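Student: I have a structure to go through before group meeting. Can we walk through it together?

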Amino acid sequence: MTFVSDLFAIALGGSIGAVLRYLITLTVVSAPLSGWLTLHGSVGTTLANLLGCCALGGLFQFSQALMASDWVATGWAASLAHPRTLLAVRIGVLGSLTTFSTLIGETAVFASQGRILASSMLLGINVIAGWCLFWAAAAVVRNWTS
């Protein structure tokens, strides 16, 4: 039963993350100057990826703090600390919110159009800014939990 419950939690989280990703893309596409801003949807993908990296960094540090003996989660934090909830959020929500395959597809479209600089910048922004946001969020949560 535990395995099935874990799968259900991941599936539920995945559906939430997928809907969030779609809503982010719709918001970017419907924004003023959307033709310039979207670059074929890549801004929506990048925003979803960066938000996911930031959330994952915070969740990573939150999990690390829970393992430390000097901090105990209470209230909503205790609910988030449940292993099944962590699966639902980390793998489900954040796994479907962020999308490496779409990023690679979008960079490939730019490259096939001869837009190598745009392709490289898109990939670099997602990877480097995502890495920085992950660790920035982790630092914020580290300060909050210590």
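**Starting from one residue**

Tutor: Start with Leu7, which is partly exposed because its relative accessible area is 44%, between the 20% limit for buried and the 50% limit for exposed. This is a predicted model.

Student: Which helix is Leu7 found in?

Tutor: Leu7 belongs to helix α1.

Student: And how many Å separate the C-alpha atoms of Leu7 and Ala108?

Tutor: They are separated by 33 Å, and the two residues are 101 residues apart along the chain.

Student: OK, zoom out. How many helices and strands are there in the protein?

Tutor: The protein has 7 helices and 0 strands. Read from the N terminus, the order of elements is α-α-α-α-α-α-α.

Student: What box do the C-alpha atoms fill?

Tutor: Roughly 55 × 35 × 25 Å, taken along the principal axes.

Student: What share of the residues is buried?

Tutor: Of the 146 residues in the protein, 34% are buried. As for contacts, take those between residues at least 6 apart in sequence: 71% of them join residues at least 24 apart.

Student: Which residues make up the largest nonpolar core?

Tutor: That core has 11 residues: Ile24, Ala48, Leu59, Phe62, Ala73, Ala77, Leu86, Val93, Leu94, Leu97 and Val141. Two or more residues come from each of α3 (42–67) and α5 (83–97). Helix α5 gives the most, with 4 residues. In soluble globular proteins, nonpolar side chains tend to be buried together.

Student: Stay on α5. Which of its residues are buried?

Tutor: Leu86, Leu87, Ala88, Gly92, Val93, Leu94 and Leu97 are the buried residues of α5. What covers them includes α1 (2–29), α3 and α4 (76–80).

Student: What span should α5 have, and how far apart are its end C-alpha atoms?

Tutor: With 15 residues at 1.5 Å a residue, α5 should span 21 Å. The end C-alpha atoms of α5 are 20 Å apart, which agrees.

Student: How do α3 and α5 pack, parallel or antiparallel?

Tutor: Their angle is about 160 degrees, and their axes are 9 Å apart. Angles over 145 degrees count as roughly antiparallel, so α3 and α5 are roughly antiparallel to each other. The crossing of the two is left-handed.

Student: Which residues meet there?

Tutor: From α3, Ala48, Gly52, Ala55, Leu56, Leu59 and Ser63 meet Leu86, Val89, Arg90, Leu94 and Leu97 of α5.

Student: New pair. At what angle do α3 and α7 pack?

Tutor: At about 30 degrees, with axes 7 Å apart. Helices α3 and α7 are therefore roughly parallel to each other. Here α3 passes α7 in a right-handed crossing.

Student: Last pair: how far apart are the axes of α6 and α7?

Tutor: The axes of α6 (residues 100–112) and α7 (residues 116–145) are 7 Å apart, and the helices pack at an angle of about 160 degrees. So α6 and α7 are roughly antiparallel to each other. Their crossing is left-handed.

Student: Which residues make that contact?

Tutor: On the α6 side they are Leu103, Ile104, Glu106, Thr107, Phe110 and Ala111. On the α7 side they are Ile116, Ala118, Ser119, Leu122, Leu123 and Asn126.

Note on methods:
Residues are numbered from 1 along each chain as its sequence is written. This is a predicted model: local features need pLDDT of at least 70, side-chain atom pairs count only at pLDDT 80 or more; totals for chains, interfaces and linings use all residues. Side-chain values use heavy atoms; hydrogens and water are left out. A nonpolar core is a set of buried Ala, Val, Leu, Ile, Met, Phe, Trp, Tyr and Cys residues joined through side-chain atoms within 4.5 Å. Buried means under 20% relative accessible area, exposed over 50%, partly exposed in between (1.4 Å probe, protein chains only). The expected span of a helix is 1.5 Å times one less than its number of residues. Contact means heavy atoms within 4.5 Å. Axes are lines fitted to C-alpha atoms, for helices over the stretch in contact, and angles run from 0 to 180 degrees between N-to-C directions. Angles under 35 degrees count as roughly parallel, over 145 as roughly antiparallel, 65 to 115 as roughly perpendicular and the rest as oblique. A crossing is left-handed if the near helix is turned anticlockwise from the far one by less than a right angle, and right-handed if clockwise.
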